Amino acid sequence: DKMGMDGDVERVILDEEQIKEKVKGAAKWLDNRLKGADDAVAVCILRGAAFFFCDLVRAMKTPLTVEFVRASSYGNGSKSTGKPTLSGDNFPVEGRDVVLVEDIVDSGRTLSLLREIFLGRGAKSVTTVALFDKPSRRVEKVCADYACAEIDDLFIVGYGLDYAQRYRTLPYVGVLKKSVYGG
Ligand code: PRP
């Protein structure tokens, strides 16, 4: 039992077994996409994607280096504050195949911004992968090149996804009860 966190979840969207399958599928797709790449870098977009990222890169066969970029747009609640603030994005990308890993694509601002930045710095390619795609909330004209699952506009938590920084450590992804966030 996760000290009461389970009780705040209305229903499970992806259990641990299903997450494993999704990770395998994404890893296979990426290995295929990066065939022949000898200078690839996988970029984890902190904090939410860290859990998915670590499972994903370990399931991949393509040799790559790892980088961690801090991106934050939601502060302490659920409301986007516009342009995400970044740090840790100053690693070399020129001529390299960059893989951006997100837990969820919401407005698309984070993915769009990082894509533009890395292409602007001369990346050979930028491939984007997300665990979840929430197209109903899109603001920017982007979508992940590969999304493990598409979801409606539900408040989901777990496996990296938070509400006010909580619930990230749940090993599964579930829908948060409305009574918790007052929606
Ligand atoms: C969330 C999520 C994505 C981003 C998606 O991160 O983890 O990185 O927002 O939203 P977007 O498509 O509207 O840009 P958040 O800013 O909450 O930071 P966190 O990962 O530390 O929770």
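Q: Which residues does Arg-168 touch, not counting residues up to four places away in sequence?

A: Contact means heavy atoms within 4.5 Å. By that criterion Arg-168 touches Arg-47, Gly-48, Phe-51, Gly-158, Tyr-159, Gly-160, Leu-161 and Asp-162. Arg-168 is placed in the loop between strand S8 (156-157) and S9. The model is a predicted one, in which local features need pLDDT of at least 70, side-chain atom pairs count only at pLDDT 80 or more, and totals for chains, interfaces and linings use all residues. Residues are numbered from 1 along each chain as its sequence is written, and side-chain values use heavy atoms, with hydrogens and water left out.

Q: Is Arg-168 buried or exposed?

A: Buried means under 20% relative accessible area, exposed over 50%, and partly exposed in between (1.4 Å probe, protein chains only). Arg-168 counts as buried because its relative accessibility is 12%.

Q: Which residues of helix H1 are buried?

A: Helices (H or I, at least four residues) and strands (E, at least two) are DSSP runs, numbered from the N terminus. An α-helix has 3.6 residues a turn, so residues three or four places apart point the same way. In H1, the buried residues are Ile-19, Val-23, Ala-26, Ala-27, Leu-30 and Asp-31. Seen down the axis of H1, they fall within an arc of 135° (taken from the directions from the helix axis to the C-beta atoms), so they line one face of the helix. The face turned away from that buried side carries the exposed residues Lys-24 and Lys-28.

Q: What do the buried residues of H1 pack against?

A: Their partners include strand S1 (9-14), helix H2 (50-59) and strand S9 (173-176).

Q: In what order do the strands of the open sheet lie?

A: Strands of a sheet pair through backbone hydrogen bonds, either parallel or antiparallel. Two strands count as paired if DSSP finds at least two bridges between them. Here three strands form an open sheet in the order S1-S9-S8, with antiparallel pairing. S1 and S8 stand at the edges with a single partner strand each, so one side of each lacks a neighbour in the sheet. Four bridges join S1 and S9, and Leu-14 has Val-173 in S9 as its bridge partner.

Q: In which sense do S2 and strand S3 pair?

A: S2 and strand S3 (residues 64-72) pair in the parallel sense over seven bridges. Ala-40 stands opposite Leu-64 in S3. Strand S2 (residues 40-46) is mostly covered, with six of its seven residues buried.
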